[in-house]
Every structure is written in C-alpha cells, then in structure tokens.
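Colleague: I would like to learn how to read the helix packing in a model like this one. Please take it feature by feature.

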Amino acid sequence: MRILLSLSFILLISSCQEKKSKYVLDEKSEMAQLMLDMHASLDEVQLKIKNGENIGDYPEEFDKVIDAEMTDESMRSDSWESFANALIESERALYNAAPEEQEQAYKNVVNSCLACHTNVGCSGPIPKIKKLSWKP
C-alpha cells in the first residue's frame, strides 16, 4: 500500500511540473530563440491572412536579427548581414502590405529565410522553414 501511495505521489508531483514551450530550446543562443519566435509568428500570420484577419504591427524585436548572439558566431559575415537585412526588409513589407498583397509578401519572407539558410551554411532549420510554405 505504501508503495502504491508513493508512486501516486511521485506521479502527481511530476505531472504538475511546468511544461516547456515547444518553441524554446534548453540551451539556445539569442539568435536561435529569435528564429523560433519568428517561425511561430509566421505560422500565426499565415492563418490570419487566410482568415482575412489583421496581422497586426511589425514585431520590432525582429530587428534584433542583425546583432543577436549567434550559436556559431563564425557564421556572421558580410554575406550573412545582407541576408539578415533582406529578411527584415521582407518582414516589414509583409506587415505594411495591403491585404490583397499579403500572401505574396508572406511567401517572400519564407523565401528570404530559405535563401539565407541555404547560402550562409546553417541548413539544419531548412526542413522546418519549408513547413512555413504557403498552403492553399
């Protein structure tokens, strides 16, 4: 009986522990977390566009992509900075687009992400980025 009570107590305690967001890495750089946040945002934005909802204002924290601490700082280069600036530009264009232009603007953001990760050498996230592709 004591064993059963002990096991029940342990299960109760472990089930009450705080759950981690699926968008948070245990050990992450500032850039990795920012990219996860951008991914989550784009997921939501695609749904809002499809539902004819207002996508809101440009998340200013996305500007941090320029100087956020990277997992591997050796990847930061002039080429990388060009891609980072292009991403910010395409994100801003999305949030400033008229409703009838938002689908294409969204696609441009995803293409900016893919171009950067393809050309800069951080290819790990590409399959996840491809899941953001516009779904009719």
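Colleague: How many helices and strands does the protein have?

Modeller: Helices (H or I, at least four residues) and strands (E, at least two) are DSSP runs, numbered from the N terminus. The protein has five helices and zero strands, and its pattern along the sequence reads α-α-α-α-α. This is a predicted model, in which local features need pLDDT of at least 70, side-chain atom pairs count only at pLDDT 80 or more, and totals for chains, interfaces and linings use all residues. Residues are numbered from 1 along each chain as its sequence is written, and side-chain values use heavy atoms, with hydrogens and water left out.

Colleague: What share of the residues in the protein is buried?

Modeller: Buried means under 20% relative accessible area, exposed over 50%, and partly exposed in between (1.4 Å probe, protein chains only). Of the 136 residues in the protein, 35% are buried. Accessible areas come from the Shrake-Rupley method with a 1.4 Å probe; for residues, only the protein chains shown count as cover. The protein exposes about 9,100 Å², with 55% of it supplied by carbon and sulfur atoms.

Colleague: Among contacts between residues at least 6 apart in sequence, what percentage joins residues at least 24 apart?

Modeller: Contact means heavy atoms within 4.5 Å. In that set, 61% join residues at least 24 apart.

Colleague: At what angle do the axes of α2 and α4 cross?

Modeller: Axes are lines fitted to C-alpha atoms, for helices over the stretch in contact, and angles run from 0 to 180 degrees between N-to-C directions. Angles under 35 degrees count as roughly parallel, over 145 as roughly antiparallel, 65 to 115 as roughly perpendicular and the rest as oblique. The axes of α2 (residues 30–50) and α4 (residues 102–120) cross at roughly 155° and come within 10 Å. α2 and α4 are therefore roughly antiparallel.

Colleague: Which residues make the contact between α2 and α4?

Modeller: From α2 come M35, L42, V45, Q46 and I49, and from α4 come Q102, E103, Y106, V109 and H117. By class, these residues are six nonpolar, three polar and one charged. In this scheme Ala, Val, Leu, Ile, Met, Phe, Trp, Tyr, Cys and Pro count as nonpolar, Asp, Glu, Lys and Arg as charged, and the others, Gly among them, as polar.

Colleague: Are α2 and α3 roughly parallel or roughly antiparallel?

Modeller: The axes of α2 and α3 (residues 78–96) come within 13 Å and cross at roughly 30°, so the two helices are roughly parallel. M31, M38, S41, L42, V45 and I49 in α2 meet W80, L87, E91, L94 and Y95 in α3. That contact divides into nine nonpolar residues, one polar and one charged.

Colleague: How far apart are the axes of α3 and α4?

Modeller: The axes of α3 and α4 are 9 Å apart, and the helices pack at an angle of about 165°. α3 and α4 are therefore roughly antiparallel. Residues meeting there include F83, A86 and S90 in α3 and A105, S112 and C116 in α4. The residues of this contact are 13 nonpolar, five polar and one charged.

Colleague: Is S112 buried or exposed?

Modeller: S112, which lies in α4, counts as buried because its relative accessibility is 16%. Leaving aside residues up to four places away in sequence, S112 touches A86, L87 and S90. S112 and L87 are 25 residues apart along the chain, yet their C-alpha atoms are separated by 5.5 Å.
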